[in-house]
Amino acid sequence: MVLPQVSVNYAAVLIAAVASMIIGAIWYSPAVFGKIWMKGAHMSGSDIKKAKKQGMGKLYLIAFIGSLLFAYVLAHFVSYVNAATNADALELALWTWLGFVVPLLLGNTLWKGESWGAYLVNIVYQLVSISVMAVILTYWI
């Protein structure tokens with residue numbers, strides 16, 4: 001199988017990854033869904049304080065690299081399906097989310113004991129994040 005050549009706009013990939021991180025920072029803040037997520041993931045305020053003392057910078061850097069990788073691969077999907085409109089981007093986001101993210105994150109609930117509430121917070125965040133990234137990439141690729 002030969003995949004078509006894709007020209008990736010690296011600025012768009014960077015902006016999409018930054019957007020994902022900003023959405024995550026807001027989404028998981030205590031003012032939005034952070035308390036629900038912490039409870040469902042069996043984390044306490046002291047767990048968060050301990051993690052902050054140990055240095056969250058490295059964790060955020062690794063998460064950002066993951067967002068960059070996701071945005072880069074999503075840029076390829078945008079090109080493969082010739083997404084050109086918001087509707088195209090959102091349809092791609094929906095299928096990517098439903099086929100890859102929803103089943104993969106299910107394992108945290110089934111095997112790690114996280115609650116269904118934490119699962120719901122996580123998967124809906126991913127849907128929002130992927131949707132925003134897909135729209136950015138659709139218009140900038």
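Colleague: Which helices each supply at least two residues of the lining of the second largest pocket?

Modeller: In this predicted model, α4 and α5 each do. The largest share, five residues, comes from α5.

Colleague: Which residues line the second largest pocket?

Modeller: F70, V73, L74, F77, T96, F100, V101, L104, L105 and Q126. The volume of this pocket is about 160 Å³.

Colleague: How does the lining of the second largest pocket divide by class?

Modeller: Eight residues are nonpolar, two are polar and none is charged. Phe, Val and Leu count as nonpolar.

Colleague: What volume does the largest pocket have?

Modeller: About 1200 Å³. Its lining has 31 residues, and the closest to the centre are G24, Y28, W37, Y60 and A63.

Colleague: Which helices each supply at least two residues of that lining?

Modeller: α1, α2, α3, α4, α5 and α6. By class, the lining of the largest pocket has 19 nonpolar, 10 polar and two charged residues. Gly counts as polar under this scheme.

Colleague: Turn to α1. How do you know that its span agrees with its number of residues?

Modeller: Helix α1 has 18 residues, so at 1.5 Å a residue it should span 26 Å. The end C-alpha atoms of α1 are 25 Å apart, which agrees.

Colleague: Which residues of α1 are buried?

Modeller: A12, V13, A16, A17, A19, S20, I23, G24 and W27.

Colleague: What does the face turned away from the buried side carry?

Modeller: The exposed residues Y10, A25 and I26. To be called exposed, a residue needs over 50% relative accessible area.

Colleague: What covers the buried residues of α1?

Modeller: The cover includes α2, α4 and α6.

Colleague: Take S67, in helix α4. Why is S67 called buried?

Modeller: The cut-off for buried is under 20% relative accessible area. S67 has 10%, so S67 is buried.

Colleague: Which residues is S67 in contact with, leaving aside neighbours within four places in sequence?

Modeller: A17, S20 and M21. Contact means heavy atoms within 4.5 Å. Helix α4, where S67 lies, is included in what covers the buried residues of α1.

Conventions: Residues are numbered from 1 along each chain as its sequence is written. This is a predicted model: local features need pLDDT of at least 70, side-chain atom pairs count only at pLDDT 80 or more; totals for chains, interfaces and linings use all residues. Side-chain values use heavy atoms; hydrogens and water are left out. On a 1 Å grid over the protein atoms alone, a cavity is a set of points where a 1.4 Å probe fits but cannot get out, and a pocket is an open set with protein on both sides within 12 Å along at least five of seven lines; lining residues have an atom within 4 Å of a point. Grid points are joined across faces, edges and corners, and a volume is the space filled by probe spheres set on the points. Helices (H or I, at least four residues) and strands (E, at least two) are DSSP runs, numbered from the N terminus. The expected span of a helix is 1.5 Å times one less than its number of residues. Buried means under 20% relative accessible area, exposed over 50%, partly exposed in between (1.4 Å probe, protein chains only).
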